[in-house]
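Take a walk through this protein with the sequence and the structure side by side.

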Amino acid sequence: MPAKKDANAPRTAPRPRGDEIGAADVARRVAENLRQRRKQRDMSLDQLSHATGVSRAALSQIETRKTNPTIGVLWKIASGLGVPFSELLGESRLSLSVLRRGDTQVLRSTDRRFESRPLVPAAGENEIEMYELTLSARSRHVSDPHGPGTKELVVVLSGTLRMTVGDHTDELEAGDSVVFDANLPHVYENPGTGDARYHDVIIYRS
């Protein structure tokens with residue numbers, strides 16, 4: 001779900017060293033998985049750029065691990081390839097996989113006002129993804145449509161969330177939930193004065 005830059009000033013808190021190490025591991029896995037899927041489809045970088053809307057130069061930097069891709073860029077690549085987001089982050093699938101909270105790698109938007117923490121192990125099932133999302137006060141997160149048949153279930157944990165799907169808007173409070181067709185443009189907006197936290201379950205068509 002790509003994030004567009006917010007007019008508000010970004011957070012300036014330094015990223016912890018452990019977070020940098022986690023980001024490097026994510027960059028390694030993304031580079032390997034992206035290159036593998038591009039080669040399997042016999043796509044050039046130019047063709048991949050056309051399919052995803054990400055520049056050839058940026059894709060090349062991701063594949064050669066010269067940059068850590070933002071959550072917005074990762075969503076663009078996943079949507080363009082028509083694969084679940086977790087396929088870019090995951091490793092080989094196991095019969096049992098455990099994800100410890102302390103081991104999760106938080107992904108952030110460029111302005112650091114939107115954060116995503118995966119709740120399903122990267123080596124788990126690809127048909128369902130679940131994230132704990134945090135949206136800063138007075139911020140919005142714009143998502144491009146996902147593939148046909150994709151559904152999303154959003155459950156608000158704390159704060160207020162204004163959810164717009166297509167031309168329909170709902171105000172959601174803690175404990176409220178909504179399910180919708182994610183092949184439509186959708187926007188998450190926090191009109192409150194504090195962070196909004198919510199769970200987002202993405203269900204892909206089997």
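Predicted model: local features only at pLDDT ≥ 70, side-chain atom pairs only at ≥ 80, totals over all residues.

E4 and strand E9 (residues 186–190) run antiparallel and are joined by five bridges. Is Ser 139 buried or exposed? Its relative accessibility is 2%, so Ser 139 counts as buried. Its side chain also makes a polar contact with the side chain of Arg 113, at 2.6 Å.

Now move to E9 itself. Val 187 is found in this strand. Val 187 has 15% relative accessibility and therefore counts as buried, since the cut-off is under 20%. Which residues does Val 187 touch, leaving out those up to four places away in sequence? The answer is Arg 140, His 141, Val 142, Arg 162, Met 163 and Thr 164. Of these, take Arg 162: Val 187 and Arg 162 are 25 residues apart along the chain, and their C-alpha atoms are separated by 8.1 Å.

Strand E5 (residues 151–158) and E8 run antiparallel, with five bridges between them. Two of the pairings can be traced by residue. Val 155 has Ser 177 as its bridge partner in E8, and Leu 153 has Val 179.

Val 178 and Phe 180 make up the covered face. Ser 177, Val 179 and Asp 181 make up the uncovered one.

Next comes the interior. In soluble globular proteins, nonpolar side chains tend to be buried together. The largest nonpolar core here has 37 residues. Ile 77, Phe 85, Leu 161, Met 163, Phe 180, Tyr 188 and Tyr 198 have the most contacts inside this core. Which element gives the most to the core? It is H4, with six residues. Helix H4 spans residues 71–81, and its buried residues are Ile 71, Gly 72, Leu 74, Trp 75, Ile 77, Ala 78 and Leu 81. After H4 comes Gly 82, which has a positive phi, near 70°.

Leu 161 is worth a stop. Its contacts, not counting residues up to four places away in sequence, include Leu 135, Val 154, Val 156, Leu 172, Tyr 188 and Tyr 198.

A pair of aromatic rings is described by the distance of the centres and the angle of the planes. The count of aromatic pairs comes to one. Why is the pair of Tyr 188 and Tyr 198 stacked? The ring centres are 5.8 Å apart and the planes stand at 20°, so the pair falls under the 30 degrees that stacking requires. Tyr 188 lies in strand E9 and Tyr 198 in strand E10 (residues 196–203), ten residues apart, and the pair links distant parts of the chain. Tyr 188 is buried, at 0% relative accessibility. Tyr 198 is buried too, with a relative accessible area of 0%.

Finish with two loop residues. Asp 42 is in the loop between helix H1 (17–40) and helix H2 (45–52). Although not a glycine, Asp 42 has a positive phi of about 55°. Arg 112 lies in the loop between strand E1 (107–108) and strand E2 (114–118). Arg 112 is not a glycine either, yet its phi is positive, about 65°. Are these residues buried or exposed? Asp 42 has a relative accessible area of 68%, so it is exposed. Arg 112 has 17%, so it is buried.

Technical notes
Residues numbered from 1 in each chain as written. Heavy atoms only, no water. Pairing = 2+ DSSP bridges. Helix = DSSP H or I, 4+ residues; strand = E, 2+ residues; numbered from the N terminus. Buried < 20%, exposed > 50% of the residue type's maximum accessible area, 1.4 Å probe, protein only. Phe/Tyr/Trp six-rings, centres within 6.5 Å; stacked < 30°, edge-to-face > 60°. Polar contact = N/O pair within 3.5 Å; in protein donor to acceptor, adjacent residues only side chain to side chain. Contact = heavy atoms within 4.5 Å. Core = buried A, V, L, I, M, F, W, Y, C linked by side-chain atoms within 4.5 Å.
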